[in-house]
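Welcome to this guided tour! Open your viewer, get ready to select residues, and follow along one stop at a time.

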Amino acid sequence: AYAHVARRNREGAVAALREAERLDRDDLNVQQGLAEVYDLLGETDLALRWHEACIASATGLGMSPSFLRRLERDCHRLRERMTPHMVEAPAPRLYGDVELEESLAARLSPSERGQVVNPLTGSPEMARWAGQLAEGAKGDLEKARRLFDPLSKRLQRRGRAVPHTAQEVFALWGDPTQSFVCHDYATLFIALARAVKVPAFYVVVEEDCYGRKGPHACAGIPTPRGLLLVDPVYRWFGVPHKRIVPLNDLQVIGTYLGHFSQRDLERCRTGVKLVPDLPWARICLANALVLANRLHEAEQPLDQLDRLAPGRWDTLLMRGMLAARDDRLEDAVAR
């Protein structure tokens, strides 16, 4: 089963697990393997069931307290992942198609408008898939859960991945050799959700549920009790990320222009023009200028960033890169 997971063969892994269970479901090592592989497959309920069986067997065999504590930690993590949480944050503005086009036209020139790609746009084929997955569901949250399940259970291929639009992710979804990043899962979920009238939106995560800081993305859904964050990468429906920035579609487009075109100076500049108040667009512009070896020009968006959001780690990182490129090595290390 482990080998099948490594080859991203879900059906083979499941078949091997069932045979292992048939051969000896009461063996501690079998139970531990079942728990771990079901977790890798995103089958959280089955992983929890076998972790609990493993704890019972380990306790009966008198295994070491440290081993039991580790199993208990794993059980706690799985139980947490099965519990939806709401977070407090304002929902972003939801644009209709016509309103979004008008907003883009008001902010950008015709040539700049030609650079725009909306990564959240769906397709008729995506709408059909979403309709099949959500058929018979009652209410937005049940629909969203139906869409989340197949996304959270995809076996991810390790390796460097290039972010895609929702339509690109959908086109590549059936290819097990393809790698996707958090942005891809978020955009695909949002496009599918909107196809079945669930008002999903894009969320940037600056600090995750475990306290880790760094760039991450997931989807959000407004509810009467707060925002529900849908994160297929964390395999958690209702994940309690600690610091988030919900984005409206205009902000998503502006960020996408720069963040995923970091060698294209014109698109990065258009992204800053579209979303002047978002720090990520300016980081992308600074990075594009560094990659183009226009080091002194890169100082301007970083100075603007320091006024907009002082003390950001990514601004300091970019200043360190600038200093290193300019052979100011002590300054680079200090940054």
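With which side chain does the side chain of glutamate 21 make a polar contact? Select glutamate 21 and look for arginine 25: their side chains make a polar contact at 2.6 Å. A polar contact is a pair of N or O atoms within 3.5 Å; within protein, one must be able to donate a hydrogen and the other to accept it, and residues adjacent in sequence count only if both atoms are side-chain atoms.

A word on what is on your screen: this is a predicted model, in which local features need pLDDT of at least 70 and side-chain atom pairs count only at pLDDT 80 or more, while totals for chains, interfaces and linings use all residues. Residues are numbered from 1 along each chain as its sequence is written, and side-chain values use heavy atoms, with hydrogens and water left out.

**Stop 1: around glutamate 21**

Helices here are DSSP runs of H or I with at least four residues, strands are E runs of at least two, and both are numbered from the N terminus. Glutamate 21 counts as buried because its relative accessibility is 17%; buried means under 20% relative accessible area, exposed over 50%, and partly exposed in between (1.4 Å probe, protein chains only). Now show Leu34, Arg49 and Trp50, which glutamate 21 touches when residues up to four places away in sequence are not counted. Touching, or contact, means heavy atoms within 4.5 Å.

**Stop 2: the whole chain**

Zoom out. The protein chain has 17 helices and six strands, and its C-alpha trace spans about 65 × 55 × 40 Å along its principal axes. Of its 335 residues, 49% are buried.

**Stop 3: histidine 183**

Next, select residues 182–195, which form helix α11, and pick out histidine 183. Is histidine 183 buried or exposed? At 4% relative accessibility, histidine 183 counts as buried. Its side chain makes a polar contact with the side chain of tyrosine 202, at 3.0 Å.

**Stop 4: helix α13**

Move to residues 265–274, helix α13, where seven of the ten residues are buried. Highlight Leu265, Arg267, Cys268, Thr270, Gly271, Val272 and Leu274 to see the buried ones. These buried residues pack against α6 (97–107), α7 (110–113), α12 (249–259) and α14. At the start of α13, find aspartate 264: one of its side-chain oxygens comes within 3.2 Å of the backbone nitrogen of glutamate 266.

**Stop 5**

Two packed helices are described by the angle between their axes and the distance between the axes. Axes are lines fitted to C-alpha atoms, for helices over the stretch in contact, and angles run from 0 to 180 degrees between N-to-C directions.

Show α14 (residues 279–291) with α16: they pack at about 10°, with axes 11 Å apart. The two are therefore roughly parallel, a label for angles under 35 degrees, whereas over 145 is roughly antiparallel, 65 to 115 roughly perpendicular and the rest oblique. Residues of α14 in this contact include Trp280 and Ile283, and those of α16 include Met318 and Leu322.
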